Amino acid sequence: MTRVVVTGGGTGIGRAAARLFARDGAEIVLVGRRADVLKETAAALEPARVLTVAADLADTAGALRVLDALPEGPVDVLVNNAGGVDRDKQPGLAGYAESFRRTLDANLVSAAVLTEALWPRLTRPGARVINVGSVAARRGGADGYTAAKAGMIGWSQGLARKGGPEGILVNTVAPGYVQDTEFFTTSGRSARHDALVTETLLGRAGVPDDIGAVIHFLASPEAGWITGQVFDVNGGSVLGR
Ligand SMILES: NC(=O)c1ccc[n+]([C@@H]2O[C@H](COP(=O)([O-])OP(=O)(O)OC[C@H]3O[C@@H](n4cnc5c(N)ncnc54)[C@H](OP(=O)(O)O)[C@@H]3O)[C@@H](O)[C@H]2O)c1
């Protein structure tokens, strides 16, 4: 049975991806900080076999907790999806620095450390590592979130180089504006919503399934010759290059 680890799998994009893997009959490992949220999502994925691990991945101990909780056997797919913006920024230079570091930890270091911890457990050949970046990396932005998501692209490409000879494929999916997540809770109209939708060529916000579908494809046998790439999934808000 295919085993898939999805970080941030309790909500939004991670939950949508987990649902698609569950439909294939995969065993799913959902990771996030809130046990109750993970349990609720796990129940919705039944009858799939789902393991939940409550862990803060910004902390190295969180990655070790995931490793300890994994049953025997290899990991076929690792989706590094956990992340988000820091909503607790304090004023002043120290607050800026602290927030910037915290955001790098939560979005980039967390993915790198978990991948390093699970690397020996990945299926050889055939494992997939799928990292969730952001359109922010394409646009640029003077904040820790943009720096983390931009850093994720370079790190991910290096990981693809490292994994290639062992048959481990590594790619990044970079979403644009996706509603119905905790990242963007507003589903109705607002000035921000309207502005973000107007930027797309398709005239609508993304939904978690738009991103989940690409993650799912990248884990499929049909994607067996794709590695070291970035997939922009943004309704055309930023054009590919
Ligand atoms: N929605 C968008 O428009 C958008 C656009 C571009 C990129 N993204 C990226 O897409 C990914 C998924 O976000 P989403 O939109 O689906 O929003 P979301 O619903 O907020 O999902 C983020 C998930 O990550 C988990 N998480 C956050 N920090 C964590 C940590 N330190 N340790 C473990 N789990 C953690 C959260 O669960 P807990 O709070 O329970 O830990 C949550 O389930 C993120 O990396 C985000 O940056 C989203």
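**Cavity**

I looked up which element gives the most to the lining of the largest cavity, and it is helix 4, with 3 residues. Helices here are DSSP runs of H or I with at least four residues, numbered from the N terminus. The model is predicted, so local features need pLDDT of at least 70 and side-chain atom pairs pLDDT 80 or more, whereas totals for chains, interfaces and linings use all residues. Residues are numbered from 1 along each chain as its sequence is written, and side-chain values use heavy atoms, with hydrogens and water left out.

I searched the whole structure and found 1 cavity of 30 Å³ or more. A cavity is a set of points, on a 1 Å grid over the protein atoms alone, where a 1.4 Å probe fits but cannot get out; lining residues have an atom within 4 Å of a point. The largest cavity holds about 40 Å³ of space, a volume being the space filled by probe spheres set on the points, which are joined across faces, edges and corners. I noted its lining as Thr-7, Leu-57, Asn-80, Asn-81, Ala-82, Ser-110, Ala-111 and Leu-114. By class, the lining has 4 nonpolar, 4 polar and no charged residues. Ala, Val, Leu, Ile, Met, Phe, Trp, Tyr, Cys and Pro count as nonpolar, Asp, Glu, Lys and Arg as charged, and the others, Gly among them, as polar.

I counted 4 aromatic pairs, that is, rings of Phe, Tyr and Trp (its six-membered ring) with centres within 6.5 Å; planes under 30 degrees apart are stacked, over 60 edge-to-face and the rest tilted. Among them is the tilted pair of Tyr-96 and Phe-100, at 5.8 Å centre to centre and 55° between the planes. These two residues are about one helical turn apart, because they lie 4 residues apart in helix 4 (residues 92-118).

**Ligand**

I found 28 residues around the ligand, of which Thr-11, Arg-33, Arg-34, Tyr-145 and Val-178 come nearest; a residue is near if one of its heavy atoms lies within 4 Å. Helix 1 (12-23) and helix 6 (144-163) each supply at least two residues of this shell. The shell divides into 12 nonpolar, 11 polar and 5 charged residues.

An oxygen atom of the ligand lies 2.7 Å from a side-chain N or O atom of Arg-33. A ligand oxygen atom is also 2.9 Å from a polar backbone atom of Glu-182. Taken alone, the ligand exposes 870 Å², and the protein buries 95% of that (Shrake-Rupley method, 1.4 Å probe).

Conventions: Polar contact = N/O pair within 3.5 Å; in protein donor to acceptor, adjacent residues only side chain to side chain. 1 Å grid on protein atoms, 1.4 Å probe; cavity = no way out; pocket = protein on both sides within 12 Å on 5 of 7 lines; lining within 4 Å.
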